[in-house]
Amino acid sequence: MEKATASLAYGTKILQECNNIVNDEQDVACMVTVAPSGSMGTFGAADDQMDVINTQAELRKVMDDKSAFVKIVTAIMGSAKELVCGTTGSALACADTPGSSIIIVSGLSNETTGEVLMHEFGHSRGLPHRDSPGNPIMHTTKLGTNEVNADEAAMFHKDGADDGPNRPADIVFVVDDTGSMSEEIGGVRQGIITYLNKFASSATCTGTVFQLVTFKDDVTIRPPTSDLSVIIAQVSALFASGGSDCPEASVEALKAVDPLIKDGGSIILYTDADAHAGQSKESVVELYKILRKVSVSTLLSGTCSGASSVSVSKGESNPGDTFPPSDNKDGKPGVNLVNDLIAAESAIDTYSFIAQETGGIFVFFPDVNSGNPADTERFQNLVYNLIVGGVSSAVTLIAPSAAPVGSELTLTVTGTNTNFNSSSSVDFAGDDITTGTPTVISTTRIEIPVKISAGAVLGFKDVTITTTLNGGETETATGIGLFSVTPATLAPTITSITPPTGSVGQTLTVTVNGVNTNFNKSSVLNLGEDISIVSTTVLSAGELQADIQIAGNAVVGFRNVTVITDSEVATENVTGPFLVTTAGCAPVTVANVTIPSGSSATVKAVGCSGSLLWSTGETTESITLGPLKEDMVVSVTCTTGACEVTAIATITVKPVVETPLVFQAPTFDCTTGAFKFNITGGDGTTITYAAEGITVSSTDPNQFIDLDVLASPTAGPITLSATQSGVTITYIWNIREACPVEPPVGGALVLLAPIYDCKTGAFTFVTSGGDGTAISFAAVGITGWTTNPDQFVDFELRTAADAPSITLSAMQSGVTVAYVWSIRAVCPVEPPVGEALVLLAPAYDCKTGAFRFKTSGGNGTAISFSAIGISGWTTNADQFVDLELRTAPDAPLITLYAMQSGVTVSYVWNIREVCPLEPPVGDALVLLAPAYDCKTGAFRFKTSGGNGTAISFSAIGISGWTMNADQFVDLELRTAPDAPLITLYAMQSGITVTYVWNIREVCPLEPPVGDALVMLPPAYDCSTGAVRFKTMGGDGTSISFSAVGITGWTTNPDQYLDYELRTAADAPLITLNAVQSGVTVTYVWNVREVCPVTPINTRMGVAEPTTVTQISVLGNPVSGREIAVEVRGMKGKSLLLELRDVRGRVVEEKRVTLTGDVEKVQLRSRHSPALYLLQLSSEGLNKVLRIVTTE
């Protein structure tokens, strides 16, 4: 029964696995589970000899035995006189098509038994044989197959296969739907629905069971379903609300999934909060890791504290290694649960540990709360990719997730269900990102150097990794929108750190890449106070390598990466970007072993630093088992402190088949030379082939015959050999008998002297005689094999004075003839006529850079010229000197080259001697206030002084370096009320000057003319959900609208209210927004006041208690850097105020005890204008305010 269970488990795996569940139409994920039913027994009568089937009558008798569906026999044999089970030789199994009986021989491995049973089970369901495309399970003769298509999957599912709610879920979505998930819930909905829609449109088996579980402080379980319309409806109804405290019941929800999910299933968790204190992450790992093999992946978007349990760094060089917390919009005073009064473990620690131990993926992406639409889209992409990675090969994470145009860096790409190896190739959509040679870290991780072109299109890029597997199949793993290209930066910026993660207590080597950096020996890397930099090696101005040690008590979470080089400070361009994770338990591994029947197997535990205990009771590192005649499963447990890790290995016993190895006539293509060794019988182990003129030694039966043998009319018989298990057999094969070479019709083929043009190099092969069929030609230095007689001689041969004789070849009907041709006899290279070739001083124009090579003497033939910084080899003497050489004060000497008739001469030229860079004549170059048109954005750089040579200009938001003074200011700068000061640059003769220009001083944004813009109550249809934004006043320009639950920013006032808000009895107040000419107005709208909904008679939500606490920022937006916060209704309470910039770094932290009913608290910002987040924390209070400061 143990063997039956293991074999059918493998058969189930074949049916359920799909290489790429979204794209592969020839192999679908058919969610049928096959398992043994009842008990093992015997059939037939004692000594009836029915264990070996030799005739059709015996076969029919066993087939008709109804004591069991599957009958196991010793052998199924067919003689030359009688066809048994479709063959005259031995067979592994038989089944009627369709039918209710299967016969299979004993002694096969678990994998082969499972595969053969699925094949015969398909016949019993009515499936015929199918030999292509792909690797179908219903192949006529082939073993090692593992694919079913959609039609076959439907047949496996028929007649009430265990489907839908009667079967555990394959994929479970666990979603935090508290109020603080309001920014995330839309992305979770859309990402899951995108996956489900693609799943529905692919050729997949319809039996996949999904289940949705949601949680706040309690857990809600929705019914499982294999109906995609039902699960889509459940997900579409997700709505963020309630949950008065931050720690939530995430671990309780994961535990609740245990009885709901199948072994080998996938759980994906979406949350922005810590787990309830007192809940053990180890208990989740214990449920799913070893025996059930359920993976738990998490997409985390925040924590309760906004950091790990303590701040990571306080140093000025690495300020504030914290990150934006969950905004906890639902954080209002209320009743706390008991476990909320205890300090909770960081969500990063909890979920990264669970993912690491169960084989899932952990992604932390707090930027979804930034308000940036790009971050919202990236979050939605992460939702989708995590699901795909849970069921098929996929790319699920790229670190860093963004980089600016023009940068070079190393990306760390993580996949799930992948088998990355040395054949893996990485490709980004479009032509903007060039990839180097990847470094494979593991089967699920690759490091890839990339170069982003300076003209790259901004935005998200899809990535595809293609891998060739051992069996020749191709694995394709795709990640949708995981990496984005951002605008260029002029500041020194850290673009990547590789690897991007490390665990507590780990020592590792990291590589740091930067752009606009000048790393040198003085460079100092800083990753925070609990990460020691052991040594640093600078590889280039933009790359350094460091050995680091993460402290054993390090706090999990993100670390800023800073490199200080003299006065240059380079910081990162994305959140983090280095993440410290929990250490977890070190894995122990045991490799699977395959042995011949009757031999012993040795298995070894690798990676254990503690004590070992095998399932056999032994405690040594390796054990030997056998002799074995049946498959065996063995396990070993490694105990290191509190960690217990178990690994399982399968010992597969291959039966020794007595059928002798027999050579059959090979398969051969006389035209292409393709050749295949054909063998029958053998013991199933590897066969090595050899044959002179074909292969010296190879285990691949598919080869090609050498061209000489293929074309030779006198090629004799070839001895083919095959060796298996030390036994060698041979076969004599006559190639000329298989492919005779007919004698030529008419005269024999003769290759004559070619036709050749000494000036152009045009060349024509010439022949006579032959049999009239196609002739192929070849000659070194002219062409490889081709049927086109018209070619060109390579330039080197045409001009080389000592060019060798060339052997011309022609082949027709397998006969090859040759002709030796001397190019120098036809086209001699005469010695130079007159004086030798001399390269003279060039002609050069210092102002324009126009340059002319000049020579004297020579033999009158063509001259080629080249010089670094001027031109590669060319026969055009007129060129231009590169701008860098023309303007560099320290331009090097330039060697000029000229070549004629194979003779090269040179001349060393000093450009600075010809065109010295004189000090400026007259006044120094000065950059003046520009000319600017406020209406059109037309802009002109203006200067005075200078030395009269060309001037280059640049300015962020206007233009990169250019010599054209007339440009246009970017639209964003022209219309932004808080447009920053712009530094203008001008460069002449290597000297750069600047001017700081205030566009708002020149073109202030006047308040709207006429009445101020006012937002009115909307028009709304309670039946259809149609809503129209309404305004009055304004300046007549375009108005943009937005509202959560209705639409993102749009100029179309006609929209629809989300279904959840239309039908929810407790729908919240909705803030409508309108913006015109940079001015934003709002209106708070109560949809329930307009369209009341009678509550359904189910469990009612508990109303949040009212509060008199009011906290506001006076005069927001705030003018200047001084910020006044007014606090009402908190007399006698302690309040913590944390002012953070938009990257989450603490600007000022202040704790006050309030003594009055109304009090003011003063804070000071770091810069103005800027956007800040003010986090307010007190007993029963957790609130975030946004503050805008102006000059």
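Modeller: I72 is found in strand β2, residues 70-73; strands (E, at least two residues) and helices (H or I, at least four) are DSSP runs numbered from the N terminus. The model is predicted, with pLDDT of at least 70 needed for local features and 80 or more for side-chain atom pairs, while totals for chains, interfaces and linings use all residues. Residues are numbered from 1 along each chain as its sequence is written, and side-chain values use heavy atoms, without hydrogens and water.

Colleague: Is I72 buried, exposed or partly exposed?

Modeller: Buried means under 20% relative accessible area, exposed over 50%, and partly exposed in between (1.4 Å probe, protein chains only). I72 has a relative accessible area of 46%, so I72 is partly exposed.

Colleague: Where do nonpolar side chains tend to be in soluble globular proteins?

Modeller: They tend to be buried together. A nonpolar core is a set of buried Ala, Val, Leu, Ile, Met, Phe, Trp, Tyr and Cys residues joined through side-chain atoms within 4.5 Å. Here the largest has 56 residues, and F173 and Y270 have the most contacts inside it. Apart from it lies another core of 52 residues, including V251 and Y351.

Colleague: How many residues of helix α3 are buried?

Modeller: In α3, 14 of the 15 residues are buried. The helix covers residues 110-124 and reaches 21 Å from its first C-alpha to its last, close to the 21 Å expected at 1.5 Å a residue; the expected span is 1.5 Å times one less than the number of residues.
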